[in-house]
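This briefing is for a reader new to the structure. Please look over the sequence and the 3D view before reading on.

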Amino acid sequence: MRGKSTNLRIRLPVFLFVAQVTIVAFYAAFVTYDDQADARFQNNRTKPMENAVYKDYPMFTDIQVIIFLGFGCLFAFFRLYGFGGMVFNLLTAAFSIQWAILVQGYFQFSHDGKIHLGVINLIYAEFACAVVLISFGAVLGKTSPLQLLVMALLEVPVFAVTEWAVLKYLKINDSGGSILIHLFACYFGLGVTFVLYRPHLNEGHAKANTSYQSDILSLIGTLFLWVFWPSFNSSLTLKGDDQHRAILHTFIGLSASTLTAFALSAMLNKNGKITISDIQNVTLAGGGDSGGVCGYDDNSCSCICSGAPVEGDPKLHKLQILIPGLQPGLGRTAREQALFQVAAVFSTIGVSTLGGILTGFVLKLP
Amino acid sequence: MRGKSTNLRIRLPVFLFVAQVTIVAFYAAFVTYDDQADARFQNNRTKPMENAVYKDYPMFTDIQVIIFLGFGCLFAFFRLYGFGGMVFNLLTAAFSIQWAILVQGYFQFSHDGKIHLGVINLIYAEFACAVVLISFGAVLGKTSPLQLLVMALLEVPVFAVTEWAVLKYLKINDSGGSILIHLFACYFGLGVTFVLYRPHLNEGHAKANTSYQSDILSLIGTLFLWVFWPSFNSSLTLKGDDQHRAILHTFIGLSASTLTAFALSAMLNKNGKITISDIQNVTLAGGGDSGGVCGYDDNSCSCICSGAPVEGDPKLHKLQILIPGLQPGLGRTAREQALFQVAAVFSTIGVSTLGGILTGFVLKLP
Amino acid sequence: MRGKSTNLRIRLPVFLFVAQVTIVAFYAAFVTYDDQADARFQNNRTKPMENAVYKDYPMFTDIQVIIFLGFGCLFAFFRLYGFGGMVFNLLTAAFSIQWAILVQGYFQFSHDGKIHLGVINLIYAEFACAVVLISFGAVLGKTSPLQLLVMALLEVPVFAVTEWAVLKYLKINDSGGSILIHLFACYFGLGVTFVLYRPHLNEGHAKANTSYQSDILSLIGTLFLWVFWPSFNSSLTLKGDDQHRAILHTFIGLSASTLTAFALSAMLNKNGKITISDIQNVTLAGGGDSGGVCGYDDNSCSCICSGAPVEGDPKLHKLQILIPGLQPGLGRTAREQALFQVAAVFSTIGVSTLGGILTGFVLKLP
């Protein structure tokens, strides 16, 4: 008990102060505005309302709600942890986003020795943050806040490199980031738990009980995700009709999988009672997200079982086949595209699992 | 008990699977993109940022919050039902929206043998869904999830036909859908409860108790509706200054009726205590919504009493008279317009009551 | 007890009816649409999508969430008061906004004998409402609903005059209203409590206990503020790259101060436990808001201590220095600008403290 208290009173503040000072120093040295945010790039003919901020900001606020309120309420699902889940979600997210802006900036948004910052970078950074939070779900209730932060510290750069390599060299069609984000988060979390919890898989879950109240909070969290999922899934697709279709597909796929989830839940439970975690898992899976799956289950192995097939987005793809007129849209044949997607899937699984395992060993250090 | 369990384990999944498979089949056969979502209609001169998705999507996300979080929390107002109210709200909404896209599509958005789909259709479908959810409030706590779905299955097409007929032949000025939506939902719910609960009006309300906690949730639901009500009310009005005025009227009407509600509630209660259900009912009524009224009261007869006068939107209309410059806006004299509105009110009441009564008989089938 | 009951049953409704009737009369006599909302100013060449409503309304809905859900949940932080905090927040806000539209309209938006109304006025009015709600936090749990309304009645015009004078004559650069709003609200609340509670500072705080449940609500409120703070802070800045930068600064400042808050909270608590009120205070302070500070503390003196330095927005300004390219942007030298800002700070403090003290005496009247 004393050890834990010391840990929080000394190590956590030290980590946070060092991290924040370092981040501020990096911002001072390497970050500047992008063309859309920099006053020097505006002139008499610039139309203020055509600034990119008006294309990106509405999507950004929707994703803000997903990250801070959606995941926040979702992580209140452990009875004794509810409050903590929400609070540490805030801490981890605030850290991950700042850190991701720098790391992604270095790989994807830097030229002339500077990282160029606009609202679009915040969206990218919140995607990286979502990855951390999904993995977070796999270890919540079993780790200290400090361990969560160290995990974020390591996961963000591994993810950023994977994202950069996959987008640059494989050029996959990954609207909503279903491949990158969900696969990566799932296998990374799995890697971490594999190292941390192998010897005593069924111990130490004292906090893993839920109550009526935490269930309500967790359901509200799911609803926040449900409502804004089309924004999340479409925020980085091409503006115009592409984004229009991405919104339609996400919404219809989500609605369809919600019905299926209710059917399965009612059918598979002994007394026909619908359980909320079933609804959450399958519902969110249908929207292209296996995050929920990793998030709720004590045993993150179910993450593979239910998560992996989801990554192919069967329901969404079915709908895409059903509604004619949709094409991969990247100038490749559908077959070529499929091969690249498979390559992306396997390399993402490999890198994230390895990254997770190594992170697990780091977290085991005293 | 066993019967209920069987009902949920067998009938509910069967209904859901059949419904979802049928809906997917219909989408595959009859749904395509509208011009704004179809890649084939874009060319070099198409400006992506002028796509209709950017006009409609912000309103759509606001309405999403109203439907899933607003009504969801609102229906948590029964103590023993809170969780269920929220969950079945999700189920009913996810079903109603998919179903409404097809039915409204058939009547209003089809040509060349196809239903043409864009985000604007999702908004129309969420309006139909709101109708179902308001009626849902009248029967909540007294019906099984399966009965709720059957009600939605029947109410959506009756509403869609009424909507199509009223908009096409009577061309009423119904911004916010105050006439159509609220009248229809109110009288339909009344019809259903009239058939289902006549013989034993005061029995079986075991679940109709509220607790402090469910009151809080229900208040949060009301606040979600309050906050986004101007979006709901203005989402289908003409873009530009018409929409601007619709937003102003809704907001000011809502604020004014909120004050009046507090005054009445404090005055009419024995010990001057303000009761939350008063606030909810009158507050929402002022925004052009009697939904709340149907939603909370055990005895849905109060729905007529308080709902009906509301439909004429006295407070809103008063304000419209007060602020000069507002005109009916459809090229009729104010008197002609008034006659058409009256015709629309009575035909809507007739059709919805009849539809509700018939639906009630269907729900009584074993 | 009887006195309190009479007070609520008679005085509160009388106040509300008189207020609402007066407000409606003023609207009828003096309010008209602004150019963007008035049909007479539109012609064939008017492009509907260029209406100002599309620039302002998205920011307005975000601020709606802050006012009604954010502050509403935040004021649920007293255990026995939770529900009441949320309800009276709604009442006070609905009154303050209507009242502020008139008062600010008279000073800032009137010509030709009329107040010209558009969505932009609603944003200004919600800023005035935010001022009232922040002061509200300083007296919550110690005042009756009627006293809260009388406070709003008096605070709105004092604020509107200060705002008009500062913006017109000192022309300060006050994006996010950090100087005006937070300073004013803080010192006004302090003035009121100074008069009302001096003789018995440590009595009558029976309601000032918090529970687990009210903590959760209050945290959710904080998260609503967190998520939409960039909208609040940037809603009245110049459209285009200025607004883009305001969003970036607010978001990054908020994230940075959140990390610092966690560090301080963990370090300063005896057993390393992170307390939620620390997080709320410092977190929100970082976003340019000392509202939270006034809001939570029983002893509003802490409002000065923590609030005052915040007003200079040290963290935000630091970041503004760190990220090169940011300039005051009003055509003055940085030094001149600084002098005007200092003048604005001192005159705001003077007027608001005096206003608060006088309001305190009015509230003491029987």
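Helices (H or I, at least four residues) and strands (E, at least two) are DSSP runs, numbered from the N terminus. The model is predicted: local features need pLDDT of at least 70, side-chain atom pairs count only at pLDDT 80 or more, and totals for chains, interfaces and linings use all residues. Residues are numbered from 1 along each chain as its sequence is written, chains are lettered from A and ligands numbered from 1 in the order in which they are written, and side-chain values use heavy atoms, with hydrogens and water left out.

**Sheet**
- In chain A, 3 strands form an open, mixed sheet in the order 1-3-2; two strands pair if DSSP finds at least two bridges between them.
- Its edge strands, each pairing on one side only, are strand 1 (31-33) and strand 2 (110-111) of chain A.
- Strand 2 and strand 3 (residues 114-117) of chain A run antiparallel and are joined by 2 bridges.
- Ser110(A) is opposite Ile115(A) of strand 3.

**His116(A)**
- His116(A) is in strand 3 of chain A.
- With a relative accessible area of 13%, His116(A) is buried (under 20%; exposed is over 50%, partly exposed in between; 1.4 Å probe, protein chains only).
- Its side chain reaches the backbone oxygen of His111(A) at 3.2 Å.
- Beyond its neighbours within four places in sequence, His116(A) is in contact (heavy atoms within 4.5 Å) with residues including Thr32(A), Asp34(A) and Asn121(A).

**Thr143(A)**
- Thr143(A) lies in the loop between helix 4 (119-139) and helix 5 (145-170) of chain A.
- Thr143(A) is buried, at 9% relative accessible area.
- A polar atom of the Thr143(A) side chain lies 2.9 Å from the backbone oxygen of Val139(A).

Methods. Polar contact = N/O pair within 3.5 Å; in protein donor to acceptor, adjacent residues only side chain to side chain.
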